[in-house]
Amino acid sequence: MSTSKTILITGASRGIGLLTARELARRGHRVFAGLRDTAGRSKDVANELVQFSTALDHQIVPVELDVTDDATVVSAVARIEQEAPLDVLVNNAGIMPVGLTEGFTLDQAKELFDVNFYGIIRMNRAILPAMRSRKSGLVINLSSAAGRFGMPFFGLYCASKWAVEAYAEALHYELESFSVESILVEPSGHGTDLVVTAPSPSDEICVSQYGDLSNGRDRLLGMFKGMFDQEDSSTDAGNIATRIAELIEMSAPRPVRTQVGHDMGVTAVNEAVAPIQAALVNSLKPVYMGETVNA
């Protein structure tokens, strides 16, 4: 195994975040598990993680962290940095609204982006100064196959993940000279509780005007649930945790994008876009690096 690293994971109370915390602890890394309300609704998970860590003779430290709250973000990062330099940040926290796109209110859209997008910005702005100063660090941003496609009934979710894709890739280029990496993991559908906790549109009048199409949400969620119930190994969310761990233990440079699970055409999109993206960045790099000479 590679050298043990200090890692912070957001949204570690369930799903991919929880599985990743356990996987990294098994591998001997020190994990700070970001949880909301560690003294209340996340208390049982916090205790479970401590017991799990103790049994393995490794350390998982639950830490109070809400990516929508500036104060807890700053305090969590400051606490970790006092104990040990943070090597890796895994931006995992997220929600997945499903339903007719028009039916989601502006307030719902703001709530989604506050977690899925602005939450990542808060976390990165809290930790990147220290990583840049040390000229070392890795930020793994959980995107989705939905970050490469526009899909019916996933309009807001796709929009938030598209935003994450653009933001994380821009940082990837900007942080290069500091030896800090910003990369993306793009899972397809996996058996997590995102399906059963997916928020629905609040504007019921709008939704009703779509007629039978308004039942599309339930049909799609039913399809995904049926797929996950088949216990197909390709939809096991543990695969994502394993891939995240492999990326952490990989030597730089790491791939900007890593797809996990059913491909859904994501690899083809990534491969088609990569040379176009590279050409654009290479044409701009001499300018923003100050390498051009004015005529």
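**Entry 1: Val164**

Is Val164 buried or exposed? I looked it up: Val164 is buried, at a relative accessible area of 1% (buried is under 20%, exposed over 50%, partly exposed in between, with a 1.4 Å probe and protein chains only).

Ground rules before I go on. This is a predicted model, so I note that local features need pLDDT of at least 70 and side-chain atom pairs count only at pLDDT 80 or more, while totals for chains, interfaces and linings use all residues. Residues are numbered from 1 along each chain as its sequence is written, and side-chain values use heavy atoms, with hydrogens and water left out.

Back to Val164, which sits in helix H6 (residues 155–174). Helices (H or I, at least four residues) and strands (E, at least two) are DSSP runs, numbered from the N terminus. Setting aside neighbours within four places in sequence, I find Val164 in contact with Asn116, Phe117, Ile120, Asn141, Leu142 and Leu184 (contact is heavy atoms within 4.5 Å). I also checked Ser143: Val164 is 21 residues from Ser143 in sequence and 6.6 Å from it in space, C-alpha to C-alpha.

**Entry 2: H4 against H6**

Two packed helices are described by the angle between their axes and the distance between the axes. The residues making the contact are Ala109, Leu112, Phe113 and Asn116 on the H4 side, and Leu156, Tyr157, Ala159, Ser160, Lys161, Ala163 and Val164 on the H6 side. So Val164 turns up again, because it is one of the H6 residues in this contact and is buried at 1%.

**Entry 3: the nonpolar cores**

Which residues have the most contacts inside the largest nonpolar core? I get Leu8, Met123 and Leu128, in a core of 34 residues. A nonpolar core is a set of buried Ala, Val, Leu, Ile, Met, Phe, Trp, Tyr and Cys residues joined through side-chain atoms within 4.5 Å. Strand S3 (60–64), helix H3 (70–83), H4, helix H5 (118–134), H6 and S6 each supply at least two residues of this core. H6 gives the most, with six residues.

I then listed the partners of Leu8. Not counting residues up to four places away in sequence, Leu8 touches Phe32, Gly34, Val63, Leu65, Val77, Ile80, Leu86, Val88, Leu89, Val90 and Met123. There is a second, separate core of 28 residues, with Ala21, Val45, Ala46 and Leu49 among its members.

**Entry 4: H9**

Next I took helix H9 (residues 238–249). H9 has twelve residues and reaches 17 Å from its first C-alpha to its last, close to the 16 Å expected at 1.5 Å a residue (expected span is 1.5 Å times one less than the number of residues). Its buried residues are Ile240, Ala241, Ile244, Ala245, Leu247 and Ile248. Seen down the axis of H9, these fall within an arc of 160°, so they line one face of the helix; the arc is that of the directions from the helix axis to the C-beta atoms. What covers them includes strand S1 (6–9), helix H1 (15–26), S4, strand S5 (137–142), strand S6 (180–187) and strand S7 (257–260).

Where is Pro253? I found Pro253 in the loop between H9 and S7, with a cis peptide bond joining Ala252 and Pro253, omega about 0°. Pro255 lies in the loop between H9 and S7 too. I have Pro255 as partly exposed, at 33% relative accessibility. Beyond four places in sequence, Pro255 touches Ile183, Leu247 and Met250.

Most residues other than glycine have a negative phi, and most peptide bonds are trans. I noted two positive phi values. Asp37 has a positive phi of about 60° although it is not a glycine; Asp37 is in the loop between strand S2 (30–35) and helix H2 (43–56) and is partly exposed at 35%. Lys135, not a glycine either, has a positive phi of about 55°. Lys135 lies in the loop between H5 and S5 and counts as partly exposed at 48%.
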